[in-house]
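Please look over the sequence and the model below before reading on.

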Amino acid sequence: MTNEPMPVAIPDAVAEGARLQGRGLVVGYDDREVLHELDVQIPDGAFTVIIEPNACGKSTLLKTLARLLPPSAGQVVLDGHSIHQQRSKDVARVLGLLPQSPFAPDGITVAELVARGRSPHQNLISRWSHEDQAAVNAALAATGVGDLRDDGRTVVAVLHDINHAIRYADHLIAMRDGYIVAEGAPEQIVTAPMIEEVFGLRARVVPDPELGVPIVLPALP
């Protein structure tokens, strides 16, 4: 497995508009620019999936949205303010990054691991409260039986299987070489020309006989 970042999660918005946005993002490593004046809005209360070929910017975009990489130009906006101008603790209360990793700390239970997510909501002298326990119980229940799209969270993830992304996402972001090629609901943007432009793959796009969402099939020679 890789250490590629996984979902960025934010609670539902009260105000209109996307709570998490990227505006004119230019991001890179040393002298290599990876994201090129990229604008992106993450729909509230939806499951957004980023798809693209490897090494074309999806991990860089997630790290930038999660405040791990500062852009050289543009800004990430969370709740109407630049994310880099907010206190780390304030950001941690509403936005979390889950890296892809097969390891957990030794000697820790699942409940204890989940409880660590309450630390941004506490100060140095506060004790564990009924509110903290209720939050942990709710998180355990949600992840055990809840559907991500219905458990009151906005989620952004990378999936490498195109058809899995199409089947489960409410919102797709298709990237190539640091640019957004297409963005929107899967049934609106997934076409054979888009798949070829993003992945260099000649394909047929047909409807799923059960769900009606698109299915991508390799085109015959």
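The model is a predicted one, in which local features need pLDDT of at least 70 and side-chain atom pairs count only at pLDDT 80 or more, while totals for chains, interfaces and linings use all residues. Residues are numbered from 1 along each chain as its sequence is written, and side-chain values use heavy atoms, with hydrogens and water left out.

Threonine 64 belongs to helix H1, which spans residues 58-65; helices (H or I, at least four residues) and strands (E, at least two) are DSSP runs numbered from the N terminus. Because its relative accessibility is 0%, threonine 64 counts as buried, where buried means under 20% relative accessible area, exposed over 50%, and partly exposed in between, with a 1.4 Å probe and protein chains only. Its side chain reaches the backbone oxygen of threonine 60 at 2.7 Å. When neighbours within four places in sequence are left aside, threonine 64 is in contact (heavy atoms within 4.5 Å) with Leu25, Val27, Leu35, Leu69, Pro71 and Val76.

Threonine 48, placed in strand S4 (residues 47-51), is likewise buried, since its relative accessible area is 0%. Not counting residues up to four places away in sequence, threonine 48 touches Ile42, Pro43, Val155, Val156, Ala157, His171 and Ile173. Threonine 48 and alanine 165 are 117 residues apart in sequence, yet their C-alpha atoms are 8.9 Å apart in space.

Turning to charged pairs, a salt bridge is taken as a side-chain nitrogen of Lys or Arg within 4 Å of a carboxyl oxygen of Asp or Glu, and by this rule the count comes to 5 salt bridges. One of them joins aspartate 208 to arginine 167, with the closest N and O atoms 3.9 Å apart. This pair links distant parts of the chain, 41 residues apart, as aspartate 208 sits in the loop between strand S11 (203-207) and strand S12 (214-218), and arginine 167 in helix H5 (residues 162-168). Aspartate 208 counts as buried because its relative accessibility is 10%, whereas arginine 167 is partly exposed, with a relative accessible area of 37%.

Another salt bridge connects aspartate 90 and arginine 87, whose closest N and O atoms are 2.9 Å apart; aspartate 90 is partly exposed at 28% relative accessibility, while arginine 87, at 53%, is exposed. Arginine 176 and aspartate 177 also form a salt bridge, with their closest N and O atoms 3.6 Å apart. Here arginine 176 is partly exposed at 29%, and aspartate 177 is partly exposed at 44%.

Methods. Polar contact = N/O pair within 3.5 Å; in protein donor to acceptor, adjacent residues only side chain to side chain.
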